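Work through the exercises below with the sequence and the model open. Each task is followed by a solution in steps.

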Amino acid sequence: MSGPVLAVDQGTSGTKALVICPERGVIGTGAAPVRPRHLPGGLVEADPAELYASVVVAGRRALEQAGEPVVAVGLANQGETVLAWDPATGKPLTDALVWQDRRAESVCAELAPHADALRHLTGLPLDPYFAAPKMAWIRRHLTRNGVVTTSDAWLVHRLTGAYVTDAATAGRTQLLDLDRVDWSPAALDVFGLSGERLPQVVDASGHFGTTTAFGDAEIPLTGLLVDQQAALLAQRITEPGGAKCTYGTGAFLLAHTGATPRRGTSGLVSCVAWRLGGRTSYCLDGQVYTAASAVRWLTDLGVISGAADLDPVGSAVPDSGGVTFVPALAGLAAPWWRGDVRGSLTGLGLDTAPGHLVRALCEGIAAQVVELADAAATDLGAPLTTLRVDGGLTRSALLMQTQADLLQRPVEVAELPDATALGVGAVARLGVDPSRAIDEVLPAAPPSAVYEPGIGADEAAERLAGFRTAVAALLDRAPA
């Protein structure tokens, strides 16, 4: 069976849908916003009804623009966003706790003696970022009814009636045995979730049911994959040594490690990249919690009018003017795992201009990505051979050049902006035709731009040292 597929990327601040034809590429696009609520105390919630509606609206808009039927649909998801819901009716019983939500810090503090065992078992550090602490918090404070899952299981159930989650998304919960790629009774026991009815763990491609949510026609759902792993696949990082970084709400670096998990000591997460045909590929994963969200913060302060201002405003000055910005506005993720740490701006003077703040922000984001790349290289035992990047902030030449300068390696910008949707579209096509090789269904992805380092290694090291000094000062001040 051939023909276009509908690829839906349900993200933090919106849903994007593409209709992808194997011969003609993207022939239809649609989008719908999602408005998460940022509340005091690090709480971030979303209305589940809005999540589902955004999937339907974006998908229908893409199909309307394409003007032709599709043979299948694929769904990518946020990963660590969770909610409780009634499996009999599909009705949400709670709001969705978004991946950025920090309310489960109390659960993590209580379970701290189990942190090392959980990390070895699941590959994940004990942190409210992941799903299991949020699931446990919901059970303790909101409701004991229904099921509590990541958002993808609820969306799939609403679309098809199936109760499944793909192996990579399951790996973001801290409840999956990393070696067996199945739910871990020991981890469930630690989180007090032993009695939970969890979704079936499935491959990224398969036949998971059919849906009429996008129109009268029954469309099979054949692709499921968590967002960052979908982008890794779309970037054709399918062998060890390569990495991609997506610059969205946060920045997410994933490095492929092959058919065995790498439990390194450098602060990165070891997790499932995808499971296809029953064969599991693994990756190392590092997160920067605030990237585009830090740009929005500068926008809300009136320093710039939006992300499009990064280059013209930043280019008005030759450097950051001695300003150092650690944009830990939602805490420090990998490799520090200190969600309690707040950001800092240092080196301000009466001569500090908006351009200096913009450049300092670009350096702060890029420096954190360098920390992730260095950690991945340490765990892999060799430097990364490739860094391919995607996401909205890659439109900023200033940020991308800063990234290449500090990394001291070329940075390849993907020509295709919607890598997550393209990745889940590829696995949806595999679900339609399992005889195809993965390389045959992936988009051709020549870079739209390659940024070469424009400074020497000594200057890069000096600039990184200034950032690391600022991070160390934050870590010293914050209570452990």
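## Exercise 1: Surroundings of R139

Apart from residues up to four places away in sequence, R139 touches A84, R144, N145, G146, V147, V148, L193 and E196. The model is a predicted one.

**Task.** Decide whether R139 is buried or exposed, and find which groups its side chain reaches.

**Solution.** 
1. Locate the residue: R139 lies in helix α4.
2. Check the accessibility. The relative accessible area of R139 is 4%, and buried means under 20%, so R139 is buried.
3. Look for polar partners. The R139 side chain reaches the backbone oxygen of G146 at 2.8 Å.
4. Look for a side-chain partner. R139 and E196 are joined through their side chains by a polar contact of 2.7 Å.

## Exercise 2: Helix α4 as a whole

**Task.** State how many residues of helix α4 (residues 131-141) are buried, and name what covers them.

**Solution.** 
1. Count the buried positions: nine of the 11 residues of α4 are buried, so the helix is largely enclosed by the rest of the structure.
2. List them: A131, A132, P133, K134, M135, A136, W137, I138 and R139.
3. Identify the cover, which includes β7, β8 (96-97), α2 (105-110) and β9 (147-150).

## Exercise 3: E80

**Task.** Find where E80 is located and which side chain it joins in a polar contact.

**Solution.** 
1. E80 is in the loop between β6 (72-77) and β7 (82-85).
2. Its relative accessibility is 3%, so E80 counts as buried.
3. The side chains of E80 and R172 are joined by a polar contact of 2.7 Å.
4. Beyond its neighbours within four places in sequence, E80 is in contact with L97, W99, Y129, F130, A131, K134 and R172. Among these contacts, A131 and K134 are buried residues of α4.

## Exercise 4: The largest cavity

**Task.** Determine how many cavities of 30 Å³ or more the structure has, and what lines the largest cavity.

**Solution.** 
1. Searching the whole structure gives three cavities of 30 Å³ or more.
2. The volume of the largest cavity is about 50 Å³.
3. Its lining is made up of M135, V148, T149, T150, T165, A170, T173, L175, W183, L198 and P199.
4. Assign the lining to elements: β9 gives the largest share, three residues. M135, also in the lining, is one of the buried residues of α4.

## Exercise 5: The largest pocket

**Task.** Give the volume of the largest pocket and the residues closest to its centre.

**Solution.** 
1. The largest pocket holds about 940 Å³ of space.
2. It is lined by 39 residues, of which D9, S13, G248, T249 and G392 are the closest to its centre.
3. At least two lining residues each come from β2 (14-21), β3 (25-33), α8 (227-234), β16 (242-247), α9 (292-300) and α13 (419-432).

## Exercise 6: Helix α12 and S448

**Task.** Find what follows helix α12 (residues 397-407), and say how accessible S448 is.

**Solution.** 
1. Nine of the 11 residues of α12 are buried, so this helix is largely enclosed by the rest of the structure. D405 and Q403 are among the buried residues.
2. Q408 follows α12, and its phi is positive, near 60 degrees.
3. S448 is in strand β24 (residues 447-451). At 47% relative accessibility, S448 counts as partly exposed.
4. Leaving aside neighbours within four places in sequence, S448 is in contact with V413, A414 and E415.
5. From C-alpha to C-alpha, S448 and P417 are 9.9 Å apart in space and 31 residues apart in sequence.

Conventions. Residues numbered from 1 in each chain as written. Predicted model: local features only at pLDDT ≥ 70, side-chain atom pairs only at ≥ 80, totals over all residues. Heavy atoms only, no water. Helix = DSSP H or I, 4+ residues; strand = E, 2+ residues; numbered from the N terminus. Buried < 20%, exposed > 50% of the residue type's maximum accessible area, 1.4 Å probe, protein only. Polar contact = N/O pair within 3.5 Å; in protein donor to acceptor, adjacent residues only side chain to side chain. Contact = heavy atoms within 4.5 Å. 1 Å grid on protein atoms, 1.4 Å probe; cavity = no way out; pocket = protein on both sides within 12 Å on 5 of 7 lines; lining within 4 Å. Points joined across faces, edges and corners; volume = space filled by probe spheres on them.
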